[in-house]
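Please keep the 3D view open and find each residue as you go.

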Amino acid sequence: MRINDNFEKLPESYLFSEVARRLNEYKAAHPEADVVRMDIGDVTLPIAGCVVSAMHRAVEDMADAATFHGYGPEQGYSFLRDAIAATDYQSRGIGIDADEIFISDGAKSDLGNLGDIYSSDSIVAVADPGYPVYVDSAVMSGRGGDRLPDGRWSRIVYLECNAENGFRPAVPDVHADIVILCSPSNPTGAVMTREDLREWVDYALREKSLIIFDSAYEAFVRNPSLPRSIYEIEGAEKVAIEIRSFSKTAGFTGLRCGYTVVPKALTGTDASGREVSLGKLWNRRQCTKFNGAGYVVQRGAEALYSSEGRESVRNNIDYYLENAGIIRRSLSQAGYAVFGGEDSPYVWIKGKNGESSWQLFGDMLEKYNISCTPGIGFGVSGDGYIRLTGFNSRENTLKAMKRICDGREK
């Protein structure tokens, strides 16, 4: 049988797999090393008690024929969709209805799967540096073109993000059919302003483009002047799909649950120029290829919208933001140029002497026994940077930063 040749165009290893490989090699050679992992953005705090209780009750439901749940609605159970619409949107003056919300098994899945509903020859624009799934999924579906000598792809529009523009992607002077934006940004921690999003919505309206707005980290935004949803911008419901996740906000990385918003006002055009509802296409895609997130997990997610659940989420985020603040302050004191770490769990660090990202990765591992994520893995513009994450214990965060500060003092 013939394979999908696009997979062979990709680099052999996914970024975080390569980080893990190098880390394991180092540990094998230095079994005595106490390595603090600040690379992969996995959470460390346990699931909230109210969520655990809700899932226990849901498990009991599954043990009784009268309350047993088999296949659920592919779009998600109404109890969770209603809670999301009321709390995440309507309570903040955003007119998103429950039937515009689709529950999934996580943001990463939907970011890759949305490619099913737009044409195979669509031009995709991505921030550089940006989350690797954006580019890799475009390449897998044949939208990448050919790999260029610098590691970029011939058919992808790159929105270069750097210190000069605050790592916030600017509207390009070329057309893109699909624009993928992430705010707060993974990896740089930059947060787009209302003015930034206004420019992007205007661009999408003018170019008849679709914005995929990855707001998996929106709950970390504490500055009230910064937007947490693209739908805070007038007209965005006509051009944008928004994706959110419970993974980083509520510790659901091992449970898998998130959601995607596809407004009823959002349309695309078919080959004849006829307008077609994207919500209708996404619903058809999900009904064919997805059987819905599990009942027990959705009951757990529902509990996050109780008063106890909301308080737990806020406490968790406070904890991780404080970790990010410790990292930011420590590295600044150690003489690094530091970005992010405010309204974001990620801290983006530039090398002092023009080192490459992998050189910085090696230095952090060898000198301080700290594992980080090399910026080059997020795109060409990320070279010379590394990412550290606030998703760790306070003890490990303080331990890692003390090593760096002690090294500076020596």
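The points below cover a helix, the cysteines, a cavity and one glycine.

1. Before you start: this is a predicted model, in which local features need pLDDT of at least 70 and side-chain atom pairs count only at pLDDT 80 or more, while totals for chains, interfaces and linings use all residues. Residues are numbered from 1 along each chain as its sequence is written, and side-chain values use heavy atoms, with hydrogens and water left out.

2. Start with helix α4, residues 78-89. Helices (H or I, at least four residues) and strands (E, at least two) are DSSP runs, numbered from the N terminus. The 12 residues of α4 reach 16 Å from first C-alpha to last, close to the 16 Å expected at 1.5 Å a residue; the expected span is 1.5 Å times one less than the number of residues.

3. Which residues of α4 are buried? They are F79, L80, R81, A83, I84, A85, D88 and Y89. Here buried means under 20% relative accessible area, exposed over 50%, and partly exposed in between (1.4 Å probe, protein chains only). These buried residues pack against β2 (101-104), β7 (240-245), β8 (258-261) and α10 (295-303), where a contact means heavy atoms within 4.5 Å.

4. Now the cysteines. A disulfide is a pair of cysteine sulfur atoms within 2.5 Å, and by this rule the count comes to zero. C257 is in no disulfide, as the nearest cysteine sulfur, that of C50, is 14 Å away. C257 counts as buried because its relative accessibility is 0%. The sulfur of C287 is 17 Å from the closest cysteine sulfur, in C257, so it is too far for a bond. C287 is partly exposed, with a relative accessible area of 32%.

5. The search finds one cavity of 30 Å³ or more. The largest cavity holds about 100 Å³ of space and is lined by 16 residues, with A127, P129, P169, C182 and S185 nearest its centre. Strand β5 (residues 178-182) gives the most to this lining, with three residues.

6. Finally, look at G300 in helix α10. G300 is buried, at 0% relative accessible area. Not counting residues up to four places away in sequence, G300 touches V51, A54, M55 and F252.

Terms used. On a 1 Å grid over the protein atoms alone, a cavity is a set of points where a 1.4 Å probe fits but cannot get out, and a pocket is an open set with protein on both sides within 12 Å along at least five of seven lines; lining residues have an atom within 4 Å of a point. Grid points are joined across faces, edges and corners, and a volume is the space filled by probe spheres set on the points.
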